[in-house]
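Reader: I should like to go through the terms applied to this structure and the values behind them. Please set each value against its definition.

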Amino acid sequence: MLNMTTKDLNRIKLVLVEKKRTAVWLAGELGVSPVTISKWCSQKTQPDLRTLSRIAEILGVEKRELLTED
């Protein structure tokens, strides 16, 4: 069995907390399912770059603030 480690690629969950917003609110703003936001926050899937730009715009942050640093 392979040892798979989860690498956080985005900070969406943290930025939502910092901005005092919920995943349900963001889902409504983007017109996507709350399940989709949950998958992004838990690193199960990642938004595409266009969506990431839209998230940054909605939250009033720079795109780089939504990405983790290596």
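**Terms and values**

Author: Glutamine 43 is buried, as its relative accessible area is 14%. This is a predicted model, in which local features need pLDDT of at least 70, side-chain atom pairs count only at pLDDT 80 or more, and totals for chains, interfaces and linings use all residues. Residues are numbered from 1 along each chain as its sequence is written, and side-chain values use heavy atoms, with hydrogens and water left out.

Reader: Why is glutamine 43 called buried?

Author: Buried means under 20% relative accessible area, exposed over 50%, and partly exposed in between (1.4 Å probe, protein chains only). Glutamine 43 has 14% and is therefore buried. Its place is the loop between helix H3 (34–41) and H4, helices being DSSP runs of H or I with at least four residues, numbered from the N terminus. Phi of glutamine 43 is near 70°, a positive value in a residue other than glycine.

Reader: What makes lysine 20 exposed?

Author: Lysine 20 has a relative accessible area of 75%, so the residue counts as exposed. Lysine 20 lies in the loop between H1 and H2, and its phi, near 55°, is positive although the residue is not glycine.

Reader: Why does aspartate 8 count as partly exposed?

Author: The relative accessibility of aspartate 8 is 45%, and the residue therefore counts as partly exposed. Aspartate 8 is found in the segment before helix H1 (12–18). Leaving aside neighbours within four places in sequence, aspartate 8 is in contact (heavy atoms within 4.5 Å) with Gln43 and Thr68.

Reader: Why are H2 and H4 called roughly perpendicular?

Author: Angles of 65 to 115 degrees count as roughly perpendicular, under 35 as roughly parallel, over 145 as roughly antiparallel and the rest as oblique. H2 and helix H4 (residues 49–59) pack at about 115°, with their axes 11 Å apart, and are therefore roughly perpendicular to each other. Trp25, Leu26, Glu29 and Leu30 in H2 meet Arg54, Ile55, Ile58 and Leu59 in H4.

Reader: What is the confidence of the chain, by mean pLDDT?

Author: pLDDT is the predictor's confidence in each residue, from 0 to 100. The mean pLDDT of the chain is 90, and 90% of its residues reach 70 or more. Over residues 1–5 the pLDDT is below 50, and this stretch has zero contacts in the model beyond near neighbours in sequence. Where pLDDT is low, the predicted coordinates should not be read in detail.

Technical notes: Helices (H or I, at least four residues) and strands (E, at least two) are DSSP runs, numbered from the N terminus. Axes are lines fitted to C-alpha atoms, for helices over the stretch in contact, and angles run from 0 to 180 degrees between N-to-C directions.
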